Amino acid sequence: MSHIRFKASLDSFSKIISAALFIFTFLLMLVFYVNMKQQAFILIVPILILLGTFIYAYFTSPIGYEVNDEGIVIQRRMKPYLIKGNTIQDIRHLADGELGRSWRVMGNGGMLGYTGWYTTSLGKMRWFVSQRKNYILIKTATNQQFLISPDDPQGFMNAVTQKA
């Protein structure tokens, strides 16, 4: 089974959001530690929520993409996500601005990437995006849409074409 892998680097905005949220969480934990004797237990819930969010984002954010005999695999630290090749009806590189406005329905909007379910001018779709450029739109036979963002979109499209 042959496969070709592509990197998924974070963009600057995602790096800044991730660092800012990490620093905020660290400072909140520091306040909790310093004020521990004065009933700071009310800070436990927000800290646990923020830490849980970081852990979830870390394990589900895209770290790469792979084109293989089965289809397109979104590489994640947790379970990889497979878009089966025999279900793909259309795949194309989006031009700048073609995506239009996007609204996050449920997901992550910058912490270690952009993942989850979004609504855009092109319809509802699931994002496995690491940067806000190099968009590749994948449509399946079941009317699902996926958005990914490999560092080398042209190389990715060439690899998919060779597998087809």
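Glu98 counts as partly exposed at 28% relative accessibility, the class between buried, under 20%, and exposed, over 50%, with a 1.4 Å probe and protein chains only. Its partner in a salt bridge is Arg92, with the closest N and O atoms 2.5 Å apart. A salt bridge here is a side-chain nitrogen of Lys or Arg within 4 Å of a carboxyl oxygen of Asp or Glu. Arg92 is partly exposed too, with a relative accessible area of 27%.

Before I continue, a word on the model. It is predicted, with pLDDT of at least 70 required for local features and 80 or more for side-chain atom pairs, while totals for chains, interfaces and linings use all residues. Residues are numbered from 1 along each chain as its sequence is written, and side-chain values use heavy atoms, leaving out hydrogens and water.

By this rule there are three salt bridges. One of them joins Arg5 and Glu66, at 3.0 Å from N to O. Arg5 lies in strand S1 and Glu66 in strand S2, so this pair ties together parts 61 residues apart in sequence. Helices (H or I, at least four residues) and strands (E, at least two) are DSSP runs, numbered from the N terminus. Arg5 is exposed at 57% relative accessibility, whereas Glu66 is buried at 7%.

Arg132 forms a salt bridge with Asp11, the closest N and O atoms being 3.2 Å apart. Arg132 is in the loop between strand S8 (123–129) and S9, and Asp11 in the loop between S1 and H1, so the pair ties together parts that are 121 residues apart in sequence.

I turn now to the sheet. Four strands form an open sheet in the order S1-S2-S3-S4, with antiparallel pairing; two strands pair if DSSP finds at least two bridges between them. Which strands stand at the edges? They are S1 (3–7) and S4 (81–84), each with a single partner strand, so one side of each has no neighbour in the sheet. S3 (residues 71–76) is joined to S4 by four bridges, and Ile72 has Ile83 in S4 as its bridge partner.

Finally, the surface and the loops. Phe22, Ile23, Phe26, Leu27, Leu30, Tyr33 and Val34 form a nonpolar surface patch with about 760 Å² of accessible area together. Val34 belongs to helix H1 (residues 12–34) and is exposed, at 59% relative accessible area. Asn143, in the loop between strand S9 (136–140) and strand S10 (145–148), has a positive phi of about 65° although it is not a glycine.

Methods
Patch = residues over 30% accessible without salt bridge, like charges linked within 9 Å, V, L, I, M, F, W, Y side chains within 5 Å. Areas by Shrake-Rupley, 256 points an atom, 1.4 Å probe, with all protein chains shown as cover.
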